[in-house]
Amino acid sequence: MSRNPAEVLDLHRISGYFFSAGGVRSFCLDSGSGEPVVCLHGVPSSSFLYRKVVAELAARGLRGVALDLPGMGLANRPVDFDYSWSVLAAWIGSALDDLGIQNCHLLVHDMGGPIGFEWAISHSERVLSLTVLNTVVDVDGFRRPWAMYPFSIRGIGEAWLTLMRWPAWDLLSD
């Protein structure tokens with residue numbers, strides 16, 4: 001069945017819940033009841049990336065958890081928030097505490113990698129395993145790809161997304 005972008009977003013929104021951590025309101029997909037597998041997304045992305053993964057994890061007896069990083073997806077975008085790796089890693093710690101997750105398997109992708117690595121290094125006793133998907137390891141040598149540049153300018157990233165046409169929406173809505 002083909003759905004328009006607004007319908008896809010509404011379905012995503014009702015499949016999760018909002019929570020607050022570190023003073024930022026965010027969104028979480030959370031399904032299942034076994035050991036938690038926390039999925040950290042990249043830029044520009046959100047928990048939407050993991051919607052099918054979370055469901056599959058739950059079907060396999062795990063607790064799939066995907067949350068929106070501050071400034072991404074359905075999370076708030078505070079103007080005065082420090083979006084550095086370190087502060088985002090600390091925010092992840094607050095979010096996991098607020099979600100009642102003591103120990104977890106950590107799955108990181110894209111910019112979720114450096115954020116998750118920093119959290120995992122300082123909380124290694126809480127990490128059951130680490131799965132790394134296409135991410136940056138050497139953040140000192142990181143250079144923003146051209147496609148990310150519009151998102152570094154407040155307001156331009158939102159306009160960029162609004163102007164984009166999504167020929168793949170039919171594929172995404174499945």
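Colleague: Which residues in α3 are buried?
Modeller: This is a predicted model. Buried means under 20% relative accessible area. In α3, the residues that count as buried are Leu 88, Ala 89, Trp 91, Ile 92, Gly 93, Ala 95 and Leu 96.

Colleague: What covers the buried residues of α3?
Modeller: α3 lies across β1, β2, β3, β4 and β5, and its direction is at about 120 degrees to β1. The cover over its buried residues includes β1, β2, β3, β4, β5 and α4.

Colleague: Where does the largest share of the largest nonpolar core come from?
Modeller: This core has 26 residues, and Trp 91 and Ile 92 are among those with the most contacts inside it. β1, β2, β3, β4, α3, β5 and α4 each supply at least two residues. The largest share is six residues, and they come from α3.

Colleague: Which residues is Ile 92 in contact with, leaving aside its neighbours within four places in sequence?
Modeller: Contact means heavy atoms within 4.5 Å. With those neighbours left aside, the residues in contact with Ile 92 are Leu 40, Leu 67, Leu 69, Ile 115 and Trp 119.

Colleague: Which are the edge strands of the open sheet?
Modeller: The sheet has six strands in the order β1-β2-β4-β3-β5-β6, with mixed pairing. An edge strand here pairs on one side only, and the two are β1 and β6.

Note on methods: Residues numbered from 1 in each chain as written. Predicted model: local features only at pLDDT ≥ 70, side-chain atom pairs only at ≥ 80, totals over all residues. Heavy atoms only, no water. Core = buried A, V, L, I, M, F, W, Y, C linked by side-chain atoms within 4.5 Å. Buried < 20%, exposed > 50% of the residue type's maximum accessible area, 1.4 Å probe, protein only. Helix = DSSP H or I, 4+ residues; strand = E, 2+ residues; numbered from the N terminus. Pairing = 2+ DSSP bridges. Axes fitted to C-alpha atoms, helices over the stretch in contact; angles between N-to-C directions.
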